[in-house]
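Okay everyone, thanks for coming. Let me put the structure up, and then I'll walk you through a few spots in it.

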Amino acid sequence: MLLALVAAFVLLFCLLPLLRLFAEVFAAGPAEGLETARELFQSRFARQAVFNTLEAGLLSMLVSLVLGGGLALAIGLTDIRAKALLTFLALMPLLIPAQIAALAWLELIGPSSFLWQIPGLDYPAGSRNPLYGREGIVILMGVEHAPMVFLTVRAGLRALPDELVEAARAAGARPLRLTFGILLPLLRPALLAGAALAFVSAIGNFGVPALLGIPGRYTMLTTFIYQRLNGFGPSVLGEVALLAALLALLAAAGLAVQAAAARRGKLSLERGGRVLQPFSLGARRWRVEAAVWGLLGLTGVLPLLALVNSSLAQALGVAVTLETATLRHYGDVLANQITARAFVNSTLLAALAAVSCLLVSLPLAYLAVVRRRALARLLTFVSDAPYALPGIVLSIACILLYLRPLPLLEIGLYGSFWILAVAYLGRFLALALRPAISGVEQLDPRLEEAAQIAGAGGWRRLRDIVLPLAAPPAAAGGMLVFMAAFNELTVSALLWSAGNETLGVVIFALYDEGNSNAAAAVSVLTVIVTLAIALAATLFARWMRMPRGVLPWQT
């Protein structure tokens, strides 16, 4: 019965929308489908959107590879200090949603930035923000997805035995030669896997292309789908379904590369012996530390300070001083009915997603890992699909599935709060499942075997043995789901309706209408909530002595 309930949840919220999407694409038959595709791509705008998506995805992937890989090597291979804090700063883009990061960078370069108060620097009057367009999108998405490369390279470093380095040192190799001659070739699968994840995330990113690409007239597939559906409504569902399927295929190709690289990485070395010991930098340590702190300050701290600065400015272009700083924008957004409703909606949606995914992920992890049910293992792979694919693909799938009232029940979800809820349940189950699996894998199988010998049934063993021990990592996964859902925009951009706004939608709308100071105020409040939850999750993980890796920023 437990397996049936879990399977029903995964099939209903994760698989059914995607099946509906591909059914729409192939429903008309091959001939008509090819004709629709031909007509669609006769449009110069559609072809340009595909080209821009591939171009920005590949270029930003290179930025992520250099930035994330370099930081992972600097933090993981050397004896620099404060590694825990540096790791958290390196992974901060995972916590800050794309639309807030884009807004923060716009404010850092914009006319209200505190940078222009530095003597000798003046904002060029009448000039357009240089971040608008391709270059800004590439840089920001590269920074945004660098943590994925960081995580894969860090995992690769932890899998390398120290004997390799000791043998090379005995042969006279210096650290630089060791890194480029031995370690980097061994880390090639990890680098490739991280690069593939960065590419998949880039082509599915909506927040950065929306804030920088729409004003800069650099359209990617995500923003092209958004503009087509907003402009023409359900009449172009066939076209946008085809575009969403194309985006899904590009993402699937990237994920296939990532999976192949991950398998190759596992086979490249047999783990054993001591873990890799960091290199001693000696007198050069302060230089490396200064470079790492400077880079992380530039990419993570300065944009957030600029966001706070903009939220305190009286108006666009007015410098912030002790005399001119104001909290008026915070009061305005908190008093605004739409913004207040968005806070409530995002909190309810995030809480619903977190609790529901937590309740499903624990039994699914138990059935897949402990009971080794083949169907449960298959369901874990199915649950990955909505999270791995671009969020806008899931949005189109949900629109197609719930555009008409539900059969028999005659209940309409489209245009309501509940279509957002069901999309979130499918989108974030995988995020809760990984920590739950990690917790279940730490269980000693002898505990359950002893309980079974003593006569305890399956439900009793699950309740009294598995749940108390596996619940803390699963709870940490629930916190990750809450943070991700609280800041979500990519799925919500096409599914929200009047009265059902989310915070991501409100921030985008405020900036789009020219009220960047209010958008900055909402963003700062959102970041405060996100960082508070991240801190609570970190303290909870330490208190419960969870296995390393349950939270991505744990060292």
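So, Glu-135: at 45% relative accessibility, Glu-135 counts as partly exposed. Quick note on that word: buried means under 20% relative accessible area, exposed means over 50%, and partly exposed is anything in between, with a 1.4 Å probe and protein chains only. Before I go further, this is a predicted model, where local features need pLDDT of at least 70 and side-chain atom pairs count only at pLDDT 80 or more, while totals for chains, interfaces and linings use all residues. Residues are numbered from 1 along each chain as its sequence is written, and side-chain values use heavy atoms, with hydrogens and water left out.

Who does Glu-135 pair with? Arg-134, in a salt bridge whose closest N and O atoms are 3.0 Å apart. By salt bridge I mean a side-chain nitrogen of Lys or Arg within 4 Å of a carboxyl oxygen of Asp or Glu. Why does that sort of pairing happen? Side chains of opposite charge can pair when their charged atoms come close.

Now, Arg-134 also meets Glu-55 in a salt bridge, at 3.0 Å from N to O. Arg-134 sits in helix α7 (residues 134-158) and Glu-55 in helix α3 (residues 44-77), so this pair ties together parts that are 79 residues apart in sequence. Helices here are DSSP runs of H or I, at least four residues, and strands are runs of E, at least two, numbered from the N terminus. Arg-134 is partly exposed at 34%, whereas Glu-55 is buried at 18%. Put together, Glu-55, Arg-134 and Glu-135 are linked in a network of salt bridges.

How many salt bridges does a search of the whole structure find? Eight. Another one joins Glu-24 and Arg-20, at 3.1 Å from N to O. Those two both lie in helix α1 (residues 2-26), four residues apart, about one turn of the helix. Glu-24 is partly exposed, with a relative accessible area of 26%, and Arg-20 is partly exposed too, at 23%.

Back to α7, and its helix neighbour. The axes of α7 and helix α10 (residues 188-203) come within 8 Å and cross at roughly 150°. The axes are lines fitted to C-alpha atoms, for helices over the stretch in contact, and angles run from 0 to 180 degrees between N-to-C directions. That makes α7 roughly antiparallel to α10; the cut-offs are under 35 degrees for roughly parallel, over 145 for roughly antiparallel, 65 to 115 for roughly perpendicular, and oblique for the rest. Residues making the contact (heavy atoms within 4.5 Å) include Met-141 and His-145 of α7, and Leu-191 and Gly-194 of α10.

Last stop, helix α23 (residues 503-512). Is it mostly covered or mostly open? Mostly covered: eight of its ten residues are buried. Among them are Val-505, Ile-507, Phe-508 and Tyr-511. Just after α23, Gly-514 takes a positive phi of about 95°.

One more buried residue: Ser-438, at 15% relative accessibility, lies in helix α19 (residues 417-441).
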